[in-house]
Structure formats: structure tokens, C-alpha cells
Amino acid sequence: MTVPATPQEPSPFVRRLRAGERLPLPADSVTGRETFPFEGELRVKPLQPPVLPEPARLGEDGPEECPTCRKPVTEALWSDDHWRLDAVGTESRLPAVVMLQPRDHYDLTDLPAQGG
């Protein structure tokens, strides 16, 4: 996997974001729907400015630092050469909460369209 250069300055897109400002929720947002499960004041946290260079993501420093890579594949609910399906947590009112994860590390730019 080729690792892109780490940017030292925010991209033009990030520079346009309103970091540090509290953004209002539109009146017609999901919070106004009858099915929205919360009541009372709901505020969106201010967008934080980017940290550059970005800190390493979980597992980016190698498989020995990745909790998913360190878990034996025998603990997965299902796996093949490219994917593993794991249960998430133990406390849930749902019948099951699972996460499908690739067995190799990818970024969106190098994620293969098909396994392998």
C-alpha cells in the first residue's frame, strides 16, 4: 500500500469550514420529526480545527498495534481470506450488532472493488 504524503497545511476544502463556530440545526432537520427520540435543547458541537499532521489512525502503525488484527480470527462469527464478521459489544437490545471488516488495512483511495 502506498502511503500518501502527510499534509502540513489544511486543504482548500478544510480552510473553508467554519472551525470553532457552533452551527445551527435547521428547523426542518431530523430533530423536528415526530420519530426523533429526544426532547429538549440539542446543540451541535463546534467543529474543531484539523490537527496536522494527522495522528496515526488505530492500526496504522502496523498490525501489532491494531486491536482487530490482534484478535484471533477464531473469535470472529465468520471469516474468509479477505473479511471478518465480529460481534460488537455485549449489551444491546437488538438481536445482534455486528461489524464486517476487511482483514487487510486500506484507505478509501486504495480499497479494492472486490476481495483480494
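In which loop does Glu75 lie?

Author: Glu75 lies in the loop between H2 and strand E1 (78-79). Helices (H or I, at least four residues) and strands (E, at least two) are DSSP runs, numbered from the N terminus. Before going on, a word on the ground rules: this is a predicted model, in which local features need pLDDT of at least 70 and side-chain atom pairs count only at pLDDT 80 or more, while totals for chains, interfaces and linings use all residues. Residues are numbered from 1 along each chain as its sequence is written, and side-chain values use heavy atoms, with hydrogens and water left out.

Back to Glu75. With a relative accessible area of 52%, Glu75 is exposed; buried means under 20%, exposed over 50%, and partly exposed in between, with a 1.4 Å probe and protein chains only. If you skip its neighbours within four places in sequence, Glu75 is in contact with Arg84 and Asp86, where contact means heavy atoms within 4.5 Å. Now look for Phe36: Glu75 and Phe36 are 39 residues apart in sequence, and their C-alpha atoms are 36 Å apart in space.

Compare that with Gly59, which has its place in the loop between H1 and H2. Gly59 and His105 are 46 residues apart in sequence, yet 8.0 Å apart in space, C-alpha to C-alpha. Gly59 is buried, at a relative accessible area of 8%. Leaving aside neighbours within four places in sequence, Gly59 touches Glu65, Cys66 and His105.

Cys66 is worth a stop. Cys66 counts as buried at 6% relative accessibility, whereas Cys69 is partly exposed, with a relative accessible area of 33%. The sulfur of Cys66 has its closest cysteine sulfur in Cys69, 3.6 Å away, too far for a bond. A disulfide is a pair of cysteine sulfur atoms within 2.5 Å, and by this rule the count comes to zero disulfides.

The loop between helix H1 (12-16) and helix H2 (67-70) also holds Pro53. The peptide bond from Leu52 to Pro53 is cis, with omega near -5 degrees. Leu25 is found in the loop between H1 and H2 too, and at 36% relative accessibility Leu25 counts as partly exposed. Leu25 and Arg43 are 18 residues apart in sequence and 7.5 Å apart in space, C-alpha to C-alpha. Beyond its neighbours within four places in sequence, Leu25 is in contact with Thr31, Leu42 and Val44.

Now zoom out. The chain has two helices and three strands, and from the N terminus on they run α-α-β-β-β. The radius of gyration of the chain is 20 Å, well over the 13 Å that the globule rule gives for 116 residues, so the chain is more spread out than a compact globule. That radius is taken over C-alpha atoms, and the rule is 2.2 Å times the number of residues to the power 0.38. Along the principal axes, the C-alpha atoms fill a box of roughly 45 × 45 × 25 Å. Buried residues make up 9% of the 116 residues in the chain. Among contacts between residues at least 6 apart in sequence, 36% join residues at least 24 apart.
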